[in-house]
Amino acid sequence: MSGQETSKQPARPRSSSLIIALTAISMTSGLLVVLAFQLTLPRINLNKQRALERAVFTVLPESTVRKNYYLDTDGLTLLPDDSFAQANVYAGYNDQGTFTGMAIEGSARGYQDIVKVLYGYSFENQSIVGMTVLQSSETPGLGDKVETDPEFLANFIQLDARLNDASSALANPIVTVKRGKKIHPWQIDGISGATVTSKAIGAALRDSAGQMLPLLVKYESSLERTIPISKGHE
Amino acid sequence: MVNDPRLPEPLSWDTFQQGLWKENPVFVMLLGLCPVLAVTNNAMNALAMGLATTFVLICSGVLVSLLRKVIPKQVRIASYIIIIATFVTIVDYAIQAISLDLYKALGAFIQLIVVNCIILGRAEAYASKNTIVNASVNALGMGVGFTFALLCLGGVREVFGSGSLFGFSLFAPSFQPWSIFVLPPGGFFVLAFWLFLFSVIKERRKAAAQLKQEAGNAS
Amino acid sequence: MELRASPHLRVSPSVEVIMRNVVYALLPICAFSVYQFGISVFALLAVSVITCLLTENLICRLSGKTPTTGDWSVVISALLLALTLPPGFPLWMAAVASFVCVAVGKMLFGGLGFNVMNPALVGRAFVQAAFPASITSWTPYMLPGRFAEFIPTSLATPFLRPAPLAEWIAGKPLDGFSGATPLALMKFDHVPTDSIQLLIGTTAGSAGETSALLIFICGIYLVVRKMMDWRITASVLLVASATSGIFYWMDQSIYPDPLFTLCSGGLMLGAVFMATDMVASPVTPWGVWIYGALIGFVTIIIRLFGGLSEGVMYAILLANASSPLISAVTQPRIYGATKPKGTE
């Protein structure tokens, strides 16, 4: 606005000069953004990878190495180590390079928003051996107990996830029951006061396991059972 | 302001101090309330948001001031937005590189700094009319004022809502946290409380100044 | 007394008289609640009333007004607030709720006659968000020794977390107390509760919400004395039962029947004593019906599809907030007045 009142009839600049000015600014901006992107990309990837590995190693105890896989109805494909963003399941291996289990994502609607979890599945004892919450915005003090309550987390040390004889679905659908009412190994002992969220986690595991485990068993042959461990490998 | 706003201001303590108290973006102008309410559920998030906004304020202020004679008036808003968006994107990458957890906690509010009216307001009302030094000093003042306000909210909300400050526990583990303070309604309550407190202080000061003046006149 | 010629206008009862009668109507509910849950509820009521009175007095003093605590309205808010809390609610939290109820819900807007929402519900909504665990901890009813012993959570030290109740309840001679209200049992486990129990109040729940029948009778007292707008209560209950009736008809296996809906939770207490708050409800003839219908409908939607098992509080607060709008759009035409040209 300034300057308008000083000159009686402000000279209209030619549109070409406007375009040039905007283009120049946009190009400088683009340059700066690309520069920042290039500079931070390795760090960002490292951070993402660390966060993921932390989650994978939490749900697959004894694991120290992770491999990325992509699983769908067409098969199980091994992906390169750095393309974890495209993967949807992760295989864990221990120090000796022996396969320990598979980490799989699941999600369901909680009290506030979608709750995203990662859980570890062990072929050996056909059960879920670990669970961690990847993303949730549940009520602090109530719903977020699912991330911290030791008794609740103890449910996932060995949660039965056997498949039926035809390997087409879970033999017993995983379900969350009231605290203290757990009688079967495929039941999750819920948290009183966090009923909705603990049920959501049960549903996330049931849906994801019911869909992914049959596929995983079907394409088990594409899975590397052992991997060479080079010294100094992270 | 009695000064002709078209003339560049001389650099003074006021250039910096303006944003801290007299024209504090949150407590006086009530600008940028979206991040003020949304990301102040703990002190760390508040600090990070304050610093990110300050960085964008200073950088965009400097660039706008530098280009103030080059940018044609007709496209100035578009230009400012591009400049601001650039720095916001840079901050966005920087925070992802520093800590993913922090990035997740701040969520979309990093990107939303672009539409924070404090920054566009400063670019239009100050940086585009003043020298680089003035613009950066003023932006720094505004940024510090904004960060201060965010910390005021974030501190109270974290102490009551989680019983900690910057993640350090303040009370015994049996402390009952008041979850409402980390939930959205708590943001409104705490903001209202600070606004109330500051207006009480301001009124008191005004009354005291008036009293002093009257006493001066009488003698 | 003074003799006058016509017109003989009847003097409508003063605010103070109406308010005192509402307190009378609340007393049987309070008494039943104390009988049912014991000394803890008595303390809850006392703390709530004392804190509310002190808060109102303090704020009146601070703002240089003459104290308005004599008009009984603050006592109503205090009693209603206490009746909506769980029996074993920590007393210090009840004091917080009472302070918010009067300070934020009432005095901040200018005192009686200016509150936008029902103060008691503002206080309860605050503690619902602040202490979500304590406000959903229920205790069994009619415990032996309830007049001699406090529920342990009641006496929690201020600012400290109350100890979990499970152990204390386990030590009582009860079989199968689930620690949930009839509504929560229905919603999360599809376990219905007998309607007779709900009517007479032999269930777990908030201090004053258990006996639907008693609340209804107390409401009738107020209606008979013309101190309550029965149309609001009627429309809340009608629409609530109609809405839940539709869902019940669609799928009887998941949705509760209308009678359960009416008698469970805080619906009766809310419809009789809170929705009818004279200040926060509309005054136009059509407005009161719309307002009541909104409460009834929203309550059922929250109960059936929301994350919480009870929705009366939020439904009433929402309707309170929209009551100026409802009043504005339902203004009756003045008799004999013509529509001004060019408007509407």
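This is a predicted model: local features need pLDDT of at least 70, side-chain atom pairs count only at pLDDT 80 or more; totals for chains, interfaces and linings use all residues.
**Chain B, overall**

I started with the inventory. Chain B has eight helices and two strands. Reading from the N terminus, I get the order α-α-α-α-α-α-α-β-β-α. The C-alpha trace of chain B spans about 60 × 60 × 25 Å along its principal axes. Of the 219 residues in chain B, 46% are buried. I also looked at contacts in chain B with a separation of 6 or more: residues 24 or more positions apart account for 73% of them.

**Chain B, α1 on α7**

Next I looked at how helix α1 (residues 13-20) of chain B sits on helix α7 (residues 132-162) of chain B. Their axes are 6 Å apart and the packing angle is about 25°. Under 35 degrees counts as roughly parallel, so α1(B) and α7(B) are roughly parallel to each other. Their crossing is right-handed. From α1(B), the contact uses B:T15, B:F16, B:Q18, B:G19 and B:L20. From α7(B), I noted B:N134, B:V137, B:N138, B:L140, B:G141, B:M142, B:V144 and B:G145. Sorted by type, the residues of this contact are six nonpolar, seven polar and no charged.

**Chain B, α6**

Which residues of helix α6 (residues 117-125) of chain B are buried? I found B:I118, B:I119, B:R122 and B:A123. They cover an arc of only 130° around the axis, so they lie on the same side of α6(B). The general rule for such spacing is that an α-helix has 3.6 residues a turn, so residues three or four places apart point the same way. As for partners, the buried residues of α6(B) pack against α1, α3 (43-66), α4 (76-98) and α7 of chain B.

B:G61 is in helix α3 of chain B. Its relative accessibility is 6%, and buried means under 20%, so B:G61 counts as buried. Leaving aside neighbours within four places in sequence, I list B:V56, B:A127 and B:A135 as the contacts of B:G61. I also checked B:G61 against B:N134: the two are 73 residues apart in sequence, and their C-alpha atoms are 9.4 Å apart in space. B:N134 had already turned up on the α7(B) side of the contact with α1(B).

B:G154 is in helix α7 of chain B. With a relative accessible area of 0%, B:G154 is buried. Not counting residues up to four places away in sequence, B:G154 touches B:T40, B:N42, B:A43 and B:A46. From B:G154 to B:F189 is 35 residues along the chain, and their C-alpha atoms are separated by 12 Å.

**Chain A, one lysine**

I moved to A:K67, which sits in strand β1 (residues 65-72) of chain A. Is this lysine buried or exposed? A:K67 is buried, with a relative accessible area of 18%. Setting aside residues up to four places away in sequence, A:K67 touches A:L78, A:D81, A:V89, A:Y90, A:A91, A:Y93 and A:I227.

**Chain C, α2 on α3**

In chain C I took helix α2 (residues 39-62) and helix α3 (residues 73-83). Their axes cross at roughly 140° and come within 8 Å. This crossing is right-handed. On the α2(C) side I wrote down C:L44, C:L45, C:S48, C:V49, C:C52, C:L53 and C:E56. They meet C:V74, C:V75, C:A78, C:L79, C:L81, C:A82 and C:L83 in α3(C). The residues of this contact divide into 12 nonpolar, one polar and one charged.

**Chain C, positive phi**

Last, I looked up two loop residues. C:W72 is in the loop between α2 and α3 of chain C. Its phi is near 70°, a positive value in a residue other than glycine. C:W72 counts as partly exposed, at 31% relative accessibility.

C:K226 is in the loop between α9 (212-224) and α10 (230-250) of chain C. C:K226 is not a glycine, yet has a positive phi of about 55°. With a relative accessible area of 70%, C:K226 is exposed.

Methods: Residues are numbered from 1 along each chain as its sequence is written. Chains are lettered from A and ligands numbered from 1 in the order in which they are written. Side-chain values use heavy atoms; hydrogens and water are left out. Axes are lines fitted to C-alpha atoms, for helices over the stretch in contact, and angles run from 0 to 180 degrees between N-to-C directions. Helices (H or I, at least four residues) and strands (E, at least two) are DSSP runs, numbered from the N terminus. Angles under 35 degrees count as roughly parallel, over 145 as roughly antiparallel, 65 to 115 as roughly perpendicular and the rest as oblique. A crossing is left-handed if the near helix is turned anticlockwise from the far one by less than a right angle, and right-handed if clockwise. Contact means heavy atoms within 4.5 Å. Ala, Val, Leu, Ile, Met, Phe, Trp, Tyr, Cys and Pro count as nonpolar, Asp, Glu, Lys and Arg as charged, and the others, Gly among them, as polar. Buried means under 20% relative accessible area, exposed over 50%, partly exposed in between (1.4 Å probe, protein chains only). The arc is that of the directions from the helix axis to the C-beta atoms.
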